[in-house]
Amino acid sequence: MLKKISDMLLSFFREDNIGQIVTIVLLIICILLFLLKANYFNVIIIVKNHLKQFVTNRGSYDKSAFGVAFIIPLLLAIVTIINENEISIADGSFINAITLIITILTALFFTIIGLVLDIKIKIKESSKNATEKVRLNELCESVYKTNMFQILVCIILLLLCFVNMSGIFDSILLRGGIYYLSYLLLINIMMLLKRLYVLMNEFM
């Protein structure tokens, strides 16, 4: 395992990869600066709202939940990069499959927005007490924030897949980003499903 990691790092920092690495880093910095400055395209608030869901009543992050949602995808992405040649996923067909799946999921997530709005109307019109309505509205807000974060991840993932398929870049950094966001998306889908199940169960 250590030999694979060292070989991966050596191949990553090969002389012919340095230009690609610098270009990708500069591109990411430019995009982040643009998003922070342009109000119309500032999506940082979506990430912030999603991260706030991992904050406990004490004001600190729930380390276990945060680790499952963000650290485990990173570890899985590293393992995938190390073993991608052995499990034959470094070819274009795998990226094409991810692109198709992400496109379908993006449409699904946009549909969930309408579902959440309908549930909020049902909560308002229901005969539940005020405390229960507050709880359900908070759950709706949580589902909405998680869903918007998932849409953002899908868009970024699609852009990375398009760059990969275009052949402009072919680096471990790019593929690692695709693997990480894919795992991040899958794990956060489970969190979204659990909350949707609780909401739907209240009105079935």
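1. Let's start with how helices are compared here: an axis is a line fitted to C-alpha atoms, for helices over the stretch in contact, and angles run from 0 to 180 degrees between N-to-C directions. Helices (H or I, at least four residues) and strands (E, at least two) are DSSP runs, numbered from the N terminus.

2. Please keep in mind that this is a predicted model, where local features need pLDDT of at least 70, side-chain atom pairs count only at pLDDT 80 or more, and totals for chains, interfaces and linings use all residues. Residues are numbered from 1 along each chain as its sequence is written, and side-chain values use heavy atoms, with hydrogens and water left out.

3. Look at helix H3 (residues 44-52) beside H6: their axes come within 9 Å and cross at roughly 130°. H3 is therefore oblique to H6, given that angles under 35 degrees count as roughly parallel, over 145 as roughly antiparallel, 65 to 115 as roughly perpendicular and the rest as oblique. The crossing of H3 and H6 is left-handed (the near helix is turned anticlockwise from the far one by less than a right angle; clockwise would be right-handed).

4. Now follow helix H6 (residues 130-166) to helix H7 (residues 172-201), where the axes come within 9 Å and cross at roughly 160°. H6 is therefore roughly antiparallel to H7. In the contact of H6 with H7 there are 23 nonpolar, eight polar and three charged residues (Ala, Val, Leu, Ile, Met, Phe, Trp, Tyr, Cys and Pro count as nonpolar, Asp, Glu, Lys and Arg as charged, and the others, Gly among them, as polar). H6 and H7 also cross in a left-handed way.

5. H7 has a crossing with H4 too: the two axes come within 8 Å at roughly 140°. H4 is therefore oblique to H7, and the crossing of H4 and H7 is right-handed.

6. Which residue forms a salt bridge with Arg 135? Glu 132 does, with the closest N and O atoms 2.5 Å apart (a salt bridge is a side-chain nitrogen of Lys or Arg within 4 Å of a carboxyl oxygen of Asp or Glu). Both residues lie in helix H6, three residues apart, about one turn of the helix.
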